[in-house]
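Student: I would like to go through the terms used for this fold. Please set each value against its cut-off.

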Amino acid sequence: MRMAIFISDSADKTLKFGEEYAKSLKAGDVVLLNGDMGTGKTVFCKGVAKGLGIEDDVLSPTYAYMNDYYGKLYHFDCYRLTCGEQAEALGLTDYFYADGVCLIEWAQNISSVLPAKVKKVTIEKISDSERRIIYE
């Protein structure tokens, strides 16, 4: 897969990029979202949700581990997990093989149970308002 780069100069543009990126996704896709805290991963997720036709307010699922948006989008936050076995025990891995799109923040914490075929999006902070989004 080829990598591409998008430079965003605002949260609004990151959201709009997520909305456009959603057009490249299909049911069953698993997308790993990489980036430090505060880089805009949840903003990107809000845009993907909008692009998938989801009007709900998308919130980071830090304490719930995963939010399900009508079976179309599963938004994971694995920050508090320490291994893939925890994700399996919570039943989170079942969603990787469902009919929705999975967006996984902090996927490195559960790397041992991720599907072989995934897409990756990395968001890097350039400045207070600018972000480099590397995607495939």
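This is a predicted model: local features need pLDDT of at least 70, side-chain atom pairs count only at pLDDT 80 or more; totals for chains, interfaces and linings use all residues.

Student: What makes the nonpolar surface patch of about 270 Å²?

Tutor: I5, I7 and I126 make it. Patch residues have over 30% relative accessible area and no salt bridge, with nonpolar side chains (Val, Leu, Ile, Met, Phe, Trp, Tyr) joined within 5 Å. Areas come from the Shrake-Rupley method with a 1.4 Å probe. Residues are numbered from 1 along each chain, and side-chain values use heavy atoms, without hydrogens and water.

Student: Why is I126 called partly exposed?

Tutor: Its relative accessibility is 37%. Buried means under 20% and exposed over 50%, so a value in between is partly exposed. I126 sits in the loop between β6 (119-125) and β7 (131-135).

Student: How do you know that β6 and β7 pair?

Tutor: Pairing takes at least two DSSP bridges. Five join β6 to β7, which run antiparallel, so the two strands pair. Strands are DSSP runs of E, at least two residues.

Student: Why are β1 and β3 edge strands?

Tutor: The open sheet runs β1-β7-β6-β2-β5-β4-β3, with mixed pairing. β1 (4-8) and β3 each have a single partner strand, so one side of each has no neighbour in the sheet.

Student: Which strand does β3 pair with?

Tutor: β3 (residues 66-69) pairs with β4 (residues 73-77), antiparallel, over four bridges. D68 stands opposite Y74.

Definitions and conventions. Patches are made of residues with over 30% relative accessible area and no salt bridge: like charges are joined within 9 Å, nonpolar side chains (Val, Leu, Ile, Met, Phe, Trp, Tyr) within 5 Å. A salt bridge is a side-chain nitrogen of Lys or Arg within 4 Å of a carboxyl oxygen of Asp or Glu. Buried means under 20% relative accessible area, exposed over 50%, partly exposed in between (1.4 Å probe, protein chains only).
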